[in-house]
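Colleague: I have a new structure to look at. Can you walk me through it?

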Amino acid sequence: MSEPLLDAQDLTVRHGQLVALHEVSLQVSAGEVFAVVGANGAGKSTLLRTLAGLHPTHGRIRFAGEDITRESAHARVRHGIAMVPEGRRLFRSLTLEENIRIGQVNARAGSWDVAACYDLFGWMHARRHERVSHLSGGEQQQVAIARALVANPRLLLLDEVSLGLAPVIVQQIYRVLPTLLEQGISMLLVEQDVSQALRVANRFQCLLEGRTTLQGTPEQYTVHDVEAAYFGFTAEDAS
Amino acid sequence: MAEQVELDKRAAATAPARGPRILRSTRASRWAIGPGVVALAVLGYLPYLVDPNSTTTLVNFFILLVLGMTWNLLAGYAGLVSVGQQAYIGIGAYATLWFAQHGVEPFVALPIAAVFCAVVAFPLSWLVFRLRGGYFAIGTWVVAEVLALLTIRDSSLGGGTGTNVPGLDGFDPVVLGAITYWAALAVAVLTLAGCYIVLRSRVGLALTAVRDDETAARAVGVLVPRAKRIVYLVAALGAGAAGALLAISQLNVQPNNVYGVQWSAYMIFVVLIGGIGTLEGPIIGTIVFFVLQQTLSDQGAWYLIILGSVAVVMAVWARRGLWGLLDRWGLRLFPVGYRVLGARSGRL
Amino acid sequence: MNWINAIIQGLMLGGLFALFACGLSLLFGVLGIINLAHGDLAVLGAYVAVALLPSVHSNALWALLFVPPMFAIFGYGAQRTLLQRSMQSGPLTTLLVTFGLSVVLQNALQEGFSADSHSLSVGSLVTKAFHPASSISISYLRLGILVAAVIILVTVQLFLAGTSTGRQIRALSDDVEAASIVGINTRHVAGVAAAIAFATVAVAGLADGMYAQFAPTSGSQLLLFGFEAVIIGGLGSLWGTLLGGCVLGLAQTIGAQADPTIGVLVAHLVFLAILAVRPSGLMPATVEA
């Protein structure tokens, strides 16, 4: 079996006294969608942020054959990891187009550029000089994705893209993902909406209080199994 | 009916026999009471034991201590980093001068001048509270500058060069020195007591909440502006008393001296070195500052360079100051916190 | 001095304050640093010129060539070392650190150069003026400083708006974390912003030294006016700062025309009045909640 695109081993992250992640491991292969689910505070976002380079961690992260554990966040973009952060986090001082363009500062070579993003999201070109604060939540989310795309990543980290958005809008966004997959971008997404996540994921992992409680493909488990892992029930609690 | 009784009995049976107790004091604070009283007695007796030069030096020490404690209250607890407390030092000094010029005994004028500072601080607080963070700091500095510039215009108060404080010529110098010392000691003890009371009270609890997270404090109903205003007034009161003491002990008031921003530098250094946000910190800080000032006094501006550098280093690398370094074990001589005893551990 | 010249001088002071405050805004907007040592940095620039110019009579205009670049490098270095470190500890720390640095700087300058005033010689330029009308006299030096200040401010604004690094600086000021995950080398970009801030403050210090006397403690006055300019103009707006600077400069010179001793006081009072009535400033980019 060839080496996975992303291979994280025993990630442990502390915030002061609190252990946010405890020896969490995961692998993402090229060409797949991997979902991380779990309740609030389970550590999902911390996991993604650690992979992006925002938190120092014990353990090891290998990406495309290289050890990137000590690499800074901006250097990881050059390696091929791009993140769409929770809450969009667009730059208020920049226009729509500038927000996308800024994603190119440390980009890899590739076919994704601003024009390609305008093709993917048809509405953007007309509003490219607008302040991003004038955009709706769904529109901002799409700009955030575009900003990550122009870095030509191999792995896209999507942190709670559905948060705060109407279901219709969420569908619109998720419809874009298969296109990205076809173009060779693997995805690691964090979702609170478990059913949505499992619908698109090839494989998934469930976290609870910083630990892995379940791992595998959606077909392997019943809804009941996932719920138990999500909430931390044991067999006795359920009865 | 019987069901209800059954349920009540079950509830009573599972309730804890004794709930958690809340303690205010710590073992260290109880131990500190004895030596504290002794120290106070020794300090009170000091003028009979040492020469007048030493008591004058100690007066300056107490002035600095008062300024450090009140600035600590402002910045360490209320989050109001002011670089303009010298405004109230100046007003306190000049008010004392004015009262002395109009026949009031300077020592009597001292508390009046201090209260006057608090009165002036009230409208000024509305003005400066319009600013936040570093801009607030600058705003307080501007207010001090304006007050200095306005005061200088009055030639009866000495104009730009300053003037002497009348009304104290009749005293024997040694006696005057002793009374000044006792006044300074009293002001210092009162300030310490005052800060302690404020911090132990509900205002103190509110301030701790504000210090940790102002928005959250507002959200749970803490009257943040009111708490801050109270602290600002108390700090003005303290600085005013310090200014009055300055006027009395130096027998002379000069605008560059009393309105100078170097006082803010001293206050900040004292608190940074000793430890911001604790009552013990400014005491240690003042001691260290004083020792340094005395040993380096003939080196000109060097002592300020060294002090400034030390303060900078401590601000970055030892944020909790010297007391913070000792505080690893939760040492508290002045018990203003809460300790919960007897609560069950584990989840609710 | 006639009234026209007073107005020109007021506008020149405005340009000077704005130039000075430009660095202040950059450091605060991008790095979150309230630099209480900024005024002393300006004075340091003037003293560096004094130390490095071959003789007292050398024309200080030459200093404009080498002092700002020196300061740019100094600023980049300071950011990557001390300032970055204190930024991680929070806003209170940077306030206290910069205040401590201010005290150290002022006293070090005093030790090195004595408390006496100095000034930077610009040769005969200091007295040259042109006369558009018989009673009106406009000093070349003052006009030159005003023009230079506006040019520099426009250049900085264009740099921030039009270049990639400028966009990165703006992104950094919005959201440091997001900036790092989109690939911006935040430490380097912060250093560039600091370099610009330090270079502009050096020019401001040199200009100030050319038209007036300076001493180790002169920095405080400049600092207060710089901040007041930013507050009057409204946070986040470079043009607002220029407007705020001009308001202050005009208040000072017009006040001084009426009574030479109250110029500075009038300026401060105007600031306090505006603060009381319109705390968010005249042209705020954002309004405080």
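Colleague: In β7(A), which residue is the bridge partner of Val84(A)?

Modeller: Leu158(A) is the bridge partner of Val84(A). Keep in mind that this is a predicted model.

Colleague: How many bridges join β6(A) to β7(A), and do they run parallel or antiparallel?

Modeller: There are 4 bridges between them, and the two strands run parallel. Strand β6 covers residues 81-84 of chain A, and β7 covers residues 155-159.

Colleague: Which residues of β6(A) are buried on one side, and which on the other?

Modeller: Ile81(A) and Met83(A) are buried on one side. Ala82(A) and Val84(A) are buried on the other. Both faces of the strand are covered.

Colleague: New topic. What is the strand order in the open sheet of 4 strands?

Modeller: In chain A the order is β2-β1-β4-β5, and the pairing is antiparallel.

Colleague: Which strands stand at the edges?

Modeller: β2 (18-28) and β5 (66-67) of chain A do. Each has a single partner strand, so one side of each has no neighbour in the sheet.

Colleague: And how many bridges join β1 to β4 in chain A?

Modeller: 5 bridges join them, and the strands run antiparallel. β1 spans residues 6-15, and β4 spans residues 58-63. Across that pair, Thr12(A) stands opposite His58(A).

Colleague: Now the interface. How many residues of chain A are in contact with chain C?

Modeller: 20 residues of chain A are in contact with 17 residues of chain C. The area buried between the two chains is about 1,800 Å². Carbon and sulfur atoms give 59% of that area.

Colleague: Which residues in chain A lose the most area to chain C?

Modeller: His74(A), Arg89(A) and Phe91(A). Together they account for 30% of what that side buries.

Colleague: How many salt bridges are there between chain A and chain C?

Modeller: The count is 4. In one of them, the side chains of Arg170(C) and Glu98(A) meet at 3.0 Å, N to O. The two chains also have 9 residue pairs in polar contact.

Colleague: Which elements of chain A give two or more residues to the side that touches chain C?

Modeller: They are α1 (44-52), α2 (73-79) and α3 (96-101). α2(A) gives the most, with 3 residues.

Colleague: What about residue classes on that side of chain A?

Modeller: There are 10 nonpolar, 4 polar and 6 charged residues on the side of chain A that touches chain C.

Technical notes: Residues numbered from 1 in each chain as written. Chains lettered and ligands numbered in written order. Predicted model: local features only at pLDDT ≥ 70, side-chain atom pairs only at ≥ 80, totals over all residues. Heavy atoms only, no water. Contact = heavy atoms within 4.5 Å. Buried area = accessible area lost by both parts, 1.4 Å probe. Polar contact = N/O pair within 3.5 Å; in protein donor to acceptor, adjacent residues only side chain to side chain. Nonpolar A, V, L, I, M, F, W, Y, C, P; charged D, E, K, R; others polar. Buried < 20%, exposed > 50% of the residue type's maximum accessible area, 1.4 Å probe, protein only. Pairing = 2+ DSSP bridges.
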